[in-house]
Amino acid sequence: METKKGNGDSHSGCEGDDCPEAFEKMSDLVDGELDSSAKSRLEHHFANCPLCLTVLSTFRKTLEIFGGRKQDDIPKNISSNLHKTIRAEIEKGR
Ligand SMILES: [Zn+2]
């Protein structure tokens, strides 16, 4: 898959490089801890990246399963498994 870069700030589909950052901030987004500019940047990424959108909804479901507990209370292995899954998906997409 060839994604052209260095084309101003045009967003032509998913740029995998932004995904790790989006994943990092996803929990803050769900917790409502992002300021509005960071939030709109993330939402822009999700709008252009079906993968991240899927991960976000998976993440929200995971939180629901844990009864809306804070992210800190979620066992570390779950978030690291989530990260592994995400990475595998990204590698597949290349
Ligand atoms: Zn993404």
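Predicted model: local features only at pLDDT ≥ 70, side-chain atom pairs only at ≥ 80, totals over all residues.
## Contacts and the overall fold

Two residues are in contact if their C-beta atoms, placed from the backbone, lie within 7 Å.

The chain as a whole holds four helices and zero strands, and from the N terminus on its elements run α-α-α-α. Of the 94 residues in the chain, 14% are buried. Among contacts between residues at least 6 apart in sequence, 59% join residues at least 24 apart.

## Helix H1

Helix H1 covers residues 19–31, and its 13 residues should span 18 Å at 1.5 Å a residue, which agrees with the 19 Å that separates its end C-alpha atoms. Along the way H1 bends by about 40° at Lys25, and the helix is followed by Gly32, whose phi is positive, near 70°. Ala38 is partly exposed, because 13 other C-beta atoms lie within 10 Å.

Which residues of H1 are buried? They are Cys19, Ala22, Phe23 and Met26. Cys19 counts as buried because it has 20 C-beta neighbours inside 10 Å, and a residue is buried if 20 or more other C-beta atoms lie within that distance.

## How H1 meets H3

H1 and H3 pack at an angle of about 35°, with their axes 10 Å apart, and H1 passes H3 in a right-handed crossing. On the side of H1 the contact is made by Cys19, Ala22, Phe23, Met26 and Val30, while H3 contributes Leu51, Cys52, Val55, Leu56, Phe59, Arg60 and Leu63.

The C-alpha atoms of Cys19 and Cys52, which are 33 residues apart along the chain, are separated by 6.9 Å. Phe59 and Val30, in turn, are 29 residues apart in sequence and 8.6 Å apart in space, C-alpha to C-alpha.

In soluble globular proteins, nonpolar side chains tend to be buried together. In this model the largest nonpolar core has eleven residues, namely Cys19, Ala22, Phe23, Met26, Leu42, Cys49, Cys52, Val55, Leu56, Phe59 and Ile86. The elements that give two or more residues to this core are H1 and helix H3 (50–65).

Val55 is one of the residues of this core, and, not counting residues up to four places away in sequence, Val55 touches Phe23 and Ile86. Phe59, another of the core residues, is found in helix H3 and counts as buried because it has 21 C-beta neighbours inside 10 Å. When its neighbours within four places in sequence are left aside, Phe59 is in contact with Met26, Val30 and Leu82.

The C-alpha atoms of Thr54 and Ile86, which are 32 residues apart along the chain, are separated by 9.8 Å.

Methods. Residues numbered from 1 in each chain as written. Expected span 1.5 Å × (residues − 1). Bend = angle between axes of the 7 residues up to and from the residue. Buried ≥ 20, exposed ≤ 12 C-beta atoms within 10 Å, placed from the backbone. Core = buried A, V, L, I, M, F, W, Y, C linked by C-beta atoms within 7 Å. Axes fitted to C-alpha atoms, helices over the stretch in contact; angles between N-to-C directions. Left-handed = near helix turned anticlockwise from the far one by under 90°.
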